[in-house]
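Dear colleague,

Please find the structure below, handed over for your use.

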Amino acid sequence: MEKENDAMHGDDFAAVRERLPDEEVLYDLAELYKIFGDTTRVKLLYILFEGEMCVQHLAELLQVSQSAVSHQLRILKGARLVKYRRDGKTVYYALADDHVREIIECGMEHITE
């Protein structure tokens, strides 16, 4: 007995098109994933898994300049992946929420399968 053809037909296309998110939402999602295309940013996020940290300590751990770390943190803040708090002259950074950890862990699980 032959398997039924799983190809889409007529009304199926309209249903799929209906379920697609808006173009603007898809653009924002693509932009979010671009953020993870830089290993320095991914390393920063991994370090922040451990808790909040100041730029100086992040720079020491990454062995890069504080200005390089600050630049990457601006990008991560803009994407709402990190948050910060000020304590006097020192600014501390942390993951914005648990979704950030989940995104990275899910990606790591995928590539290590």
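Arg85 has a relative accessibility of 37% and therefore counts as partly exposed. Please note that the model is a predicted one.

The side chain of Arg85 forms a salt bridge with that of Glu52, with N and O 2.5 Å apart. This pair connects distant parts of the chain, 33 residues apart: Arg85 belongs to strand β2 (residues 82-87), while Glu52 sits in the loop between α3 (39-48) and β1 (53-54). Glu52 is likewise partly exposed, its relative accessible area being 37%.

Over the whole structure, 2 salt bridges were found. One of them joins Glu31 to Lys34, with 2.9 Å between the closest N and O atoms. Both residues lie in helix α2 (residues 23-35), 3 residues apart, which is about one turn of the helix. Glu31 is partly exposed at 27% relative accessibility, whereas Lys34, at 53%, counts as exposed.

Turning to helix packing, the axes of α4 (residues 55-62) and α5 (residues 66-78) come within 9 Å and cross at roughly 110°, so α4 is roughly perpendicular to α5. On the α4 side the contact is made by Val55, Gln56, Leu58, Ala59 and Leu62, and on the α5 side by Gln66, Val69, Ser70 and Leu73. By class, this contact of α4 with α5 comprises 6 nonpolar and 3 polar residues, with no charged ones.

Helix α5 also holds Gln72, which counts as buried because its relative accessibility is 11%, and the cut-off for buried is under 20%. Apart from neighbours within four places in sequence, Gln72 is in contact with Asp38, Thr40, Arg41 and Leu44.

With kind regards

Definitions and conventions. Residues numbered from 1 in each chain as written. Predicted model: local features only at pLDDT ≥ 70, side-chain atom pairs only at ≥ 80, totals over all residues. Heavy atoms only, no water. Axes fitted to C-alpha atoms, helices over the stretch in contact; angles between N-to-C directions. Helix = DSSP H or I, 4+ residues; strand = E, 2+ residues; numbered from the N terminus. Parallel < 35°, antiparallel > 145°, perpendicular 65-115°, else oblique. Contact = heavy atoms within 4.5 Å. Nonpolar A, V, L, I, M, F, W, Y, C, P; charged D, E, K, R; others polar. Buried < 20%, exposed > 50% of the residue type's maximum accessible area, 1.4 Å probe, protein only. Salt bridge = Lys/Arg side-chain N within 4 Å of Asp/Glu carboxyl O.
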